[in-house]
Amino acid sequence: MNQEKDVLILAIESSCDETAAAVVKNGREVCSNVISSQIALHTLYGGVVPEIASRKHIEKINQVICAALDEAGVTLADITAIGVTYGPGLVGALLVGVAEAKAIAYAAKKPLVGVHHIEGHIAANFIEHKELEPPFFSLVVSGGHTHLVRVKDYGKFDIIGRTRDDAAGEAFDKVARAIGLGYPGGPKIDKVAKEGNPDAIAFPRAHVEDAPYDFSFSGLKSAVLNYINGCRMKGEEYCQADVAASFQKAVTDVLVANAMHAVEEYQVDKFALAGGVASNSALRKAMKEACEERGVKFYYPSPVYCTDNAAMIGVAAYYEYLNGTRSGWDLNAVPNLKLGER
Amino acid sequence: MRVLALDSSGLVASVAVVEGKEGNADACTIAEYTVNYKKTHSQTLLPMLDEVAKMTDLDLASIDAVAVAAGPGSFTGLRIGSATAKGLGLALEKPLIPVPTLEGLAYNLCGVGGLVCPIMDARRGQVYTGIYRFQDGEHLTVVEDQMAVSIEELGEKLKAYKEEVTFLGDGVPVFREVLETQIMKGEKIRFAPANMNRQRAASVGALGLIYYKEGKTQTAEEHKPDYLRVSQAERERKERMEHDTVSM
């Protein structure tokens, strides 16, 4: 009898350069999590090329979905509902997953649940932390997003702070390119920074006036570029590791400062890091220490659940499904979808 | 057998159910729903299929194959059609029949004498086109396979055959005048009427029945659109690399 009560979500994610599918049981147990990464392909171009990403998605998507079902040991008939990322992201890339998910749900007569990509990133924390439940605060940091979010309940969010310009991950990519580390910038800077002195160069920590929780990274990025150009003009060699470490420290300081400001202001007792940059070791360490100092429980997902994946979409879809969210056959990709909107 | 057909390669979104014996004998269109409106295919295609299914009491499980206009066309439009076909094929465990977009378009004019030449505006000064003929008044034969070429180059190819040509497709409004007054001036040319001058899923489905018999099917997993063009980024990278080689 218990078997019948299980809710199995087949989740599909194609918002950027990973084609992913997963099967998630009862919102917390990952039965399979298949990811086909295109990073090697986009490295040739120094970043994600939307048209190439979309073409790869359509080549891989059925294979990835079938593998997710196989690895979970289930068939489509066992699935309760289909979850799919419908925004934000690259529109052409999103459309592949959305059209595919709609067709599968329609033909298999399953409910369809459109999921917000950021909601998925936050929900990634539920996979390995069974005790974590809303309300809590979350900092979502990735190549496309920097959001400080108040998670009031499952599927209910207030955005407290956001970036005014570049996303944190975007700044990592741009700085990595400028100092010759290449794409993807996050993991490469993280690695090189371990050899450098984070206090070697005084890069600015930008705070947005009248918006204590908002972020701005374009000034920092420019400061790094100016520093490098300045060294070149003077004919001096700059230390790649010091630049990486000092830049990383500047980003981390601002992220931690704003997050802790919110923690104190809202009297938060649980804090969860999310998104691709959540696997950055310096950010994790600094955030963990800051939370511990304040007696706040700190959570973050394993790296595999930090970067884009479908398991996190399956978790978010599960709670949306329980909340009664159902998407129509006219579900469209929404590239600039706002968190908390439908 | 019963084929579900989809075409979202251009401005038109079209869904049809076509029945007949394999190879198109006694083929009959059960339903066709075609929309040429500004809504995106992502919003229209599946609701259209749902309407068709409801209206005709269609049990999707009774479909034998899914035919899809498989390119060329709008890159995004093609992917919406292909991803829909792949999802249906996956869930229904049925094969796909990829129908080259221009062959499907040409099939609108099945039985027309002379050459049939669908043209789609491909931007960058080109058209997606192909040259076709109906053998014995019914069998679509490919005279020149689908391609992306300039309208001038197409004109040169067509004139060499010295036959009457019937044009159709969304390239007609763009190139009609230049075809009439310059490129095909003095040649016998005609233009298809409004009821058959755009993509129609019924044509994709009817041709799909023939291609099914000929074994031209794919699994849902292996299917991908045939864009006829690489992406802009790949093209520019190739040009850069060629340029670099020359300058070295």
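Two residues are in contact if their C-beta atoms, placed from the backbone, lie within 7 Å. This model is predicted: local features need pLDDT of at least 70 and side-chain atom pairs count only at pLDDT 80 or more, while totals for chains, interfaces and linings use all residues. Residues are numbered from 1 along each chain as its sequence is written, and chains are lettered from A and ligands numbered from 1 in the order in which they are written.

Q: Which residues does A:D173 contact, leaving aside its neighbours within four places in sequence?
A: Start with its place: A:D173 lies in helix α6 (residues 168-178) of chain A. Helices are DSSP runs of H or I with at least four residues, strands are runs of E with at least two, and both are numbered from the N terminus. UniProt, in an unreviewed entry, lists A:D173 under "binding site", along with residues including A:G143 and A:N280. The contacts of A:D173 are A:G47, A:G143, A:Y183, A:P184 and A:G185.

Q: Is A:D173 buried or exposed?
A: Count the C-beta atoms within 10 Å: 20 or more others make a residue buried, 12 or fewer exposed, and anything in between partly exposed. A:D173 has 24 such neighbours, so it counts as buried.

Q: Which residues does A:N280 touch, leaving aside its neighbours within four places in sequence?
A: A:N280 sits in the loop between β9 (270-274) and α10 (281-293) of chain A. With 28 other C-beta atoms within 10 Å, A:N280 is buried. The "binding site" list in the unreviewed UniProt entry includes A:N280, A:G186 and A:D190; such annotations may be inferred rather than shown by experiment. The residues in contact with A:N280 are A:G186 and A:D190.

Q: How far apart in space are A:F157 and A:S138, C-alpha to C-alpha?
A: A:F157 is in strand β8 (residues 156-162) of chain A, and with 22 C-beta neighbours inside 10 Å it counts as buried. Not counting residues up to four places away in sequence, A:F157 touches A:V149, A:R150, A:V151, A:K152, A:L339 and A:G340. A:F157 and A:S138 are 19 residues apart in sequence, and their distance in space is 10.0 Å.

Q: How far apart in space are A:I179 and A:K338, C-alpha to C-alpha?
A: A:I179 lies in the loop between α6 and α7 (185-193) of chain A. With 22 C-beta neighbours inside 10 Å, A:I179 is buried. Its contacts, leaving aside neighbours within four places in sequence, are A:I228, A:Q240, A:V243 and A:A244. A:K338 is 159 residues away from A:I179 in sequence, and the distance in space is 33 Å.

Q: Which element gives the largest share of the side of chain A that touches chain B?
A: The contact takes 31 residues from chain A and 29 residues from chain B. On the side of chain A, the elements giving two or more residues are α3 and α4. The largest share is 13 residues, and it comes from α4(A).

Q: At what angle do α3 of chain A and α2 of chain B pack?
A: Take axes as lines fitted to C-alpha atoms, for helices over the stretch in contact, with angles from 0 to 180 degrees between N-to-C directions. Among the residues that meet are A:I58 and A:I61 in α3(A), and B:A83 and B:L90 in α2(B). The axes of α3(A) (residues 50-72) and α2(B) (residues 75-92) are 10 Å apart, and the angle is about 5°.

Q: How do α4(A) and α1(B) lie to each other?
A: Residues A:L95, A:V98, A:A99, A:K102, A:A103 and A:Y106 in α4(A) meet B:S42, B:L46 and B:D50 in α1(B). The two axes come within 11 Å and cross at roughly 10°. Angles under 35 degrees count as roughly parallel, over 145 as roughly antiparallel, 65 to 115 as roughly perpendicular and the rest as oblique. Therefore α4(A) and α1(B) are roughly parallel.

Q: How far apart are the end C-alpha atoms of α1 of chain B?
A: The expected span of a helix is 1.5 Å times one less than its number of residues. Helix α1(B) (residues 41-55) has 15 residues, so it should span 21 Å. The end C-alpha atoms agree with this, at 20 Å.

Q: Which residues of α1(B) are buried?
A: Their cover includes α4 (91-108) of chain A, together with β1 (2-7), β2 (13-19), β3 (28-35) and α2 of chain B. The buried residues are B:H41, B:S42, B:T44, B:L45, B:L46, B:P47, B:M48 and B:L49.
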